[in-house]
Amino acid sequence: MTTALEPIRRIAAYAICTESTGRVLLVRASSRSGTPGVWSLPGGAVDHGEDPNHTVVRETAAETGLSVAVSGLHDVLADMRSLPHRGVTIHTDRLLYRVSVRGGTLCDRVGQPTDLARWHTLEEAGKLLLRPFTARALDLPSGPIDLHPEEAPEFPSFHAVPGPDGLHRAQRFAAYAVATDPAGRVLLTRVADGYPGAGCWHLPGGGTDYGEQPGTALIRELVEETGQRGRLVELIGVASHRDAASLGPEGYPIDWHGVRAFYRVVVDRPAPPIVGDVGGSTSEARWFGPEELEALPPERLTEVTAEAVRAAQVLPPQPARAG
């Protein structure tokens with residue numbers, strides 16, 4: 001029974017690496033894995049505090065012998081699979097990056113979770129057993145390879161565990177919105193007292209639930225935090241931030257690592273913002289005009305908000321300097 005398996009979560013990063021001829025780089029799962037003989041994109045789990053950009057380079061080198069450079073973010077998705085032989089059900093938030101080869105020599109591995117690394121045409125890849133996330137990334141069909149739980153197990157949205165140094169650690173995946181209305185205003189929320197970043201303006205959004213896709217979580221959080229109904233337009237980027245001794249309502253320091261996907265969202269029919277999740281991490285929600293947003297001091301914005309707003313280019317352009 002998959003419902004008896006222990007639920008765990010992880011964040012992972014993968015490489016979509018193609019040659020000029022169109023061949024794609026894939027790795028094969030070994031007998032040490034839960035799906036031996038199945039092929040997937042090279043990649044693996046994001047270590048605590050590690051930037052996913054570094055993860056995908058490190059994991060690709062370890063699994064294939066090739067050094068790669070990240071050229072962009074392709075997609076972010078989530079899935080669940082049960083591994084009865086390990087006694088767990090895993091929710092994985094997968095970050096898929098486009099990469100190019102810088103050098104190295106393709107090599108095989110012995111006694112590792114993956115044992116072969118090969119280049120395949122898309123036609124060849126379509127005849128292989130592919131992990132579902134890999135098939136989706138390559139726009140290919142996938143078979144019933146992963147065992148899915150009948151329903152998402154109970155799992156806390158915030159989960160801290162003791163680290164090797166005795167300090168509690170928490171790694172959390174979240175989805176946030178750079179939400180705009182037809183007038184070009186940007187929707188922000190204020191962090192409530194007692195939470196990290198208290199008093200700062202933040203993007204609407206938050207941690208995803210177990211088994212939940214990032215886009216679905218984002219639209220849900222937008223309604224809960226601001227009362228606005230939006231439509232997802234595009235994925236803009238992913239931010240990775242670590243606070244080695246974050247202090248929140250738990251009352252004790254936590255080595256906190258947040259990986260946050262941020263999306264462009266349009267609210268076609270804006271309304272006065274209403275915070276529905278009273279008593280939570282959001283104390284206020286407000287629409288900001290571009291000039292108002294630009295006038296906010298940098299210290300009044302959370303890290304991910306400043307990064308996402310720059311990436312979304314919602315601020316007025318800076319005037320050209322004379323001379």
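Let me start with C17: this cysteine is buried, with a relative accessible area of 0%. Keep in mind that we are looking at a predicted model.

What is the closest cysteine sulfur to that of C17? It belongs to C107, and the two sulfurs are 14 Å apart, too far for a bond. A disulfide, after all, is a covalent bond between the sulfur atoms of two cysteines. The cut-off here is 2.5 Å between the sulfurs. In total, the structure has zero disulfides. Another cysteine, C200, is also counted as buried, at 14% relative accessibility.

Now the aromatic rings. How many aromatic pairs does a search of the whole structure find? Three. I will show two of them.

Take Y14 and F133. Their ring centres are 4.5 Å apart, and their planes meet at 50°, so this pair is tilted. Y14 sits in strand β1, residues 6-17, while F133 sits in helix α3. That is a link between distant parts of the chain, 119 residues apart. Are these two residues buried or exposed? Y14 is buried, with a relative accessible area of 4%. F133 is buried too, at 4% relative accessibility.

Next, W201 and F288. Here the ring centres lie 4.9 Å apart with the planes at 80°, so the pair is edge-to-face. W201 belongs to strand β11, residues 201-202, and F288 to strand β15, residues 282-288. The pair therefore ties together parts that are 87 residues apart in sequence. Both W201 and F288 are buried.

Two of these rings also have a charge over them. Which residue has its charged end over the ring of F133? R94 does, 4.3 Å from the ring centre. Over the ring of F288 sits the charged end of R286, 4.2 Å from the centre.

Last topic: backbone angles. Most residues other than glycine have a negative phi. D139 is not a glycine, yet its phi is positive, about 60°. Where is D139? In the loop between α3 (132-137) and β8 (161-162). D139 is exposed, with a relative accessible area of 69%.

Q313 also has a positive phi, near 55°, and is a residue other than glycine. Q313 lies in the segment after α6 (303-312). At 69% relative accessibility, Q313 counts as exposed.

To recap: zero disulfides, three aromatic pairs, and charged ends over the rings of F133 and F288. On the backbone, remember the positive phi of D139 and of Q313.

Note on methods. Residues numbered from 1 in each chain as written. Predicted model: local features only at pLDDT ≥ 70, side-chain atom pairs only at ≥ 80, totals over all residues. Heavy atoms only, no water. Buried < 20%, exposed > 50% of the residue type's maximum accessible area, 1.4 Å probe, protein only. Helix = DSSP H or I, 4+ residues; strand = E, 2+ residues; numbered from the N terminus. Phe/Tyr/Trp six-rings, centres within 6.5 Å; stacked < 30°, edge-to-face > 60°. Lys NZ or Arg CZ within 6 Å of the ring centre and 35° of its normal.
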